[in-house]
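This report describes the arrangement of helices and strands in the structure shown below. It then turns to the sheet, the core and the contact between the chains.

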Protein chains: 2
Amino acid sequence: MENRQIIVRELPKGELTTGHFEARTAPMPTPGQGEVLLRTILMSIDAANRSWLQGATYRDAVHAGDAMPTYAVCEVVESNSPRLAKGDLVAAESTWSAYTTCPAHKALKLPAVRPLEHLLSVYGIAGKTAFHGLMSVGQPVAGETVLVSAAAGSVGSIVGQIAKAIGCRVVGVAGGAEKCKWVTETLGFDACIDYREPGMGKALRAACPEGVDVYFDNVGGAVLEAALFAMNLRGRVVCCGAISQYDTTSTTGPRNLPGMVVVKRLRMEGFIVMDFADRDATALRALQTWVAAGQIKVFEDVVEGLENAPQALIGLLAGENKGKRMVRVGPDP
Amino acid sequence: MENRQIIVRELPKGELTTGHFEARTAPMPTPGQGEVLLRTILMSIDAANRSWLQGATYRDAVHAGDAMPTYAVCEVVESNSPRLAKGDLVAAESTWSAYTTCPAHKALKLPAVRPLEHLLSVYGIAGKTAFHGLMSVGQPVAGETVLVSAAAGSVGSIVGQIAKAIGCRVVGVAGGAEKCKWVTETLGFDACIDYREPGMGKALRAACPEGVDVYFDNVGGAVLEAALFAMNLRGRVVCCGAISQYDTTSTTGPRNLPGMVVVKRLRMEGFIVMDFADRDATALRALQTWVAAGQIKVFEDVVEGLENAPQALIGLLAGENKGKRMVRVGPDP
């Protein structure tokens, strides 16, 4: 029996294309002592995947010839460890592959949540990133204005709904009129600004008449620059991502940095979801409470088939998804 | 009797020159009810003065025709308020003028410290800015590496000496070999990098073999960009000023913002000294302790005569001072 994989054929210099990837078959991996053999069910597709191809970040650099790394929900099909049994459902750092192996202690046993997709969206990294970034870094209070970029994305869509649930005015930034309409009408944001339209600064001032207290930044670049001008004194910028900077080689920083940070005494703070692992249980309880109350609506965008993973990532970087994008590699157990 | 003043003749568009200022005589001001008449003794010259000419910041914009604002040490020569008496020494928001008036409740009565210059340097805004920014925003711990730009300046020279006093490795950034030598040999920094030399990034890595935990940023621009690359995970950037951005119209932001903030989970935070006024007494006690112990050496750069204030500010922006620059307008009482 052979394994199917998608490898990084060549590291991208500029815009990512399907030509940077290659499908291949490989021998079926064999789990060593203390390891498990995993069958991939769902793979998370994230803008951060693109940044991993830029060199070492908070994780090791990806090299040409490597299977593309991913975060995945998998079924244990063989176990050489007492920690996990055949049939267990786990989340693991994996690769774009039908089967992988990993040390059992590095796989996280998952609760029996259905649909499984929720384990990669609202109860997965996206939901926890939204919760920890907004609540622990941004620290908004009812009545404050929260601005969120990539508002229709996996994290942004949840950030905005949490902020609404706790009593904030919430303004999104998204690409295109149709997405902006979805963000206000379906997700319930108070307003949404189309960054592709000219006059973003003016639109921002109109949508935030009392200024911005917390800006949850998923994109960097021109939107960050416009947001800094709109921030209130002592505002907080939650630095979650810089999508606008990933898929390019030529970048210039916002011209008002650090000037606005000094003048307005802003706090800009980066984080990754693992930094707040000790608060994950609190995050999950809160997210489940809001989902049960209908205050968070969950939207998933599932692409079928391992072979479609490259296009799924490329499309995500172009902003074609609404809600959490993932690739289904195999059926539920 | 007439008053002498220096007014802003024209707001600068690019580099500040003496032509943007004009000396004039004006009628002697008369204090109203609740006001005091002040004789200017020492005026603080700060890079921030230049930013006040860029438009509204944390204070109102300066307009052409206004007397140039300043922070000054003054003697009360006439009082229409029970709060202050003739002969009192006060600090006040004032202007480049031999005499000014102000509401008595806005003037801060000063303790009997000699030399008076110390009230504008180590025990004034410079010392308090250094203390609050480093201790409350940067929060360094013994053994960490602290990087300070404008290291020979009024704030930077004190920041570095405080960081040494609490057990940090301290690296400065300054302009020119002579200043760098002064920073290490006289102020006692562990190393100092000349930003005018090529290869600043490499020099930074060599001077900070364990990376940078706290960067006290007085300059923004290229030094900030290089510092961000050198920061450790969870490092803190104290945003105190952006001297490199003040005296120019064309600015570009650091290219690695917000990328480095996300990847390294940095915190960048702006502040001004007034934000920490409730900790001023603590700051003064600590600064006096370090000065008495010889752990902080105080350097002042006193320019004589009101008429030399424009050149004193222009020279400061060009980096010609070591230690706190001020202008002496009149004799001690």
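## A pair of helices

Helices H2(A) and H9(A) are roughly perpendicular to each other, a label given to angles of 65 to 115 degrees. Their axes come within 10 Å and cross at roughly 105°; axes are lines fitted to C-alpha atoms, for helices over the stretch in contact, with angles from 0 to 180 degrees between N-to-C directions. H2(A) covers residues 125–138 and H9(A) residues 280–292, where helices (H or I, at least four residues) and strands (E, at least two) are DSSP runs numbered from the N terminus.

From H2(A), Gly127(A), Lys128(A), Phe131(A) and His132(A) meet Asp280(A), Ala283(A), Ala286(A) and Leu287(A) of H9(A); contact requires C-beta atoms, placed from the backbone, within 7 Å. This contact has four nonpolar, two polar and two charged residues. Here Ala, Val, Leu, Ile, Met, Phe, Trp, Tyr, Cys and Pro count as nonpolar, Asp, Glu, Lys and Arg as charged, and the others, Gly among them, as polar.

## Basis of the description

The model is predicted: local features need pLDDT of at least 70 and side-chain atom pairs pLDDT 80 or more, while totals for chains, interfaces and linings use all residues. Residues are numbered from 1 along each chain as its sequence is written, with chains lettered from A and ligands numbered from 1 in the order in which they are written.

## The sheet

An open sheet of 12 strands with mixed pairing runs from S10(A) to S10(B); two strands pair if DSSP finds at least two bridges between them. Strand S10 (191–194) of each chain stands at an edge with a single partner, so one side of each lacks a neighbour in the sheet. The twist averages 15° from one strand to the next.

In chain B, S12 (231–239) and S13 (267–270) pair in the parallel sense over four bridges, and Val237(B) stands opposite Met268(B). Helix H6 (221–230) of chain B lies across S8, S9, S11 and S12 of chain B, at about 165° to S11(B).

## Core and chain contact

The largest nonpolar core has 216 residues, and Ala227(A) and Ala227(B) have the most contacts inside it. Such a core is a set of buried Ala, Val, Leu, Ile, Met, Phe, Trp, Tyr and Cys residues joined through C-beta atoms within 7 Å, buried meaning 20 or more other C-beta atoms within 10 Å of a residue's own.

Each chain gives 32 residues to the contact between A and B. S13(A) and S13(B) run antiparallel, joined by three bridges, with Glu269(A) opposite Arg267(B).

How values were computed: Contact = placed C-beta atoms within 7 Å. Parallel < 35°, antiparallel > 145°, perpendicular 65-115°, else oblique. Buried ≥ 20, exposed ≤ 12 C-beta atoms within 10 Å, placed from the backbone.
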